[in-house]
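This briefing concerns one protein chain and its predicted model. The sequence and the structure are shown first.

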Amino acid sequence: MTTSLPRAGVVGAAVVAAEAVFLLVHAAGADLSVPGQGPVGAVAVGVTAALAGLLGWALLAVLERTTRRGRTIWVVTAAAVLLLSLLGPLGAATAGAVAGLAALHLTVGAVLLAGLPR
């Protein structure tokens, strides 16, 4: 139970970091639009970061309980998921949107990879 609060804080930090990057990208004038899906807004960014964090936390908890190398397996899996997630921004409408969305993915991934396994 003692790991709940720090890991919850990591998930919260991922959401805050994603929103900060979103604001910076938006302030820079990048239009975060994906053809067929429309613009990516602050709510979508926050919800997606929270879901990624909660799912990552859940997987880590299961791995820690079922295998002796749970953290190692989780880090490798999380890094692979992050790399695969970078394919998503490639479908964005503009180069600025690709860069902005990739920055969001990398930010959330970095926070989760750095914080959850501890």
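The points below cover the fold, the surface, a strand residue and the salt bridges.

The model is predicted: local features need pLDDT of at least 70, side-chain atom pairs count only at pLDDT 80 or more, and totals for chains, interfaces and linings use all residues. Residues are numbered from 1 along each chain as its sequence is written, and side-chain values use heavy atoms, with hydrogens and water left out.

**Fold and dimensions**

- The chain contains four helices and two strands, arranged along the sequence as α-β-β-α-α-α; helices (H or I, at least four residues) and strands (E, at least two) are DSSP runs, numbered from the N terminus.
- Along the principal axes, the C-alpha atoms occupy a box of roughly 45 × 25 × 20 Å.
- Among contacts with a separation of 6 or more, 70% join residues 24 or more positions apart (contact means heavy atoms within 4.5 Å).

**Burial and surface**

- Of the 118 residues, 33% are buried; buried means under 20% relative accessible area, exposed over 50%, and partly exposed in between (1.4 Å probe, protein chains only).
- The accessible surface is about 6800 Å², with 73% belonging to carbon and sulfur atoms; areas come from the Shrake-Rupley method with a 1.4 Å probe, and for residues only the protein chains shown count as cover.
- Val43, Val47, Leu51 and Leu55 make up a nonpolar surface patch with about 410 Å² of accessible area together; such patches join nonpolar side chains (Val, Leu, Ile, Met, Phe, Trp, Tyr) within 5 Å, from residues with over 30% relative accessible area and no salt bridge.
- Leu55 belongs to helix 2 (residues 42-66) and is exposed, at 60% relative accessible area.

**A buried strand residue**

- Ser33, in strand 1 (residues 33-34), is buried at 14% relative accessibility.
- Beyond its neighbours within four places in sequence, Ser33 contacts Gly38, Pro39, Ala92, Ala93 and Ala97.

**Salt bridges**

- The whole structure holds two salt bridges, each defined as a side-chain nitrogen of Lys or Arg within 4 Å of a carboxyl oxygen of Asp or Glu.
- Arg7 pairs with Glu64, with the closest N and O atoms 2.8 Å apart; this links helix 1 (residues 4-27) to helix 2 across 57 residues.
- Arg7 is buried at 2% relative accessibility, whereas Glu64 is partly exposed at 28%.
- Arg71, partly exposed at 40%, also meets Glu64 in a salt bridge (3.0 Å, N to O).

Terms used:
Patch = residues over 30% accessible without salt bridge, like charges linked within 9 Å, V, L, I, M, F, W, Y side chains within 5 Å.
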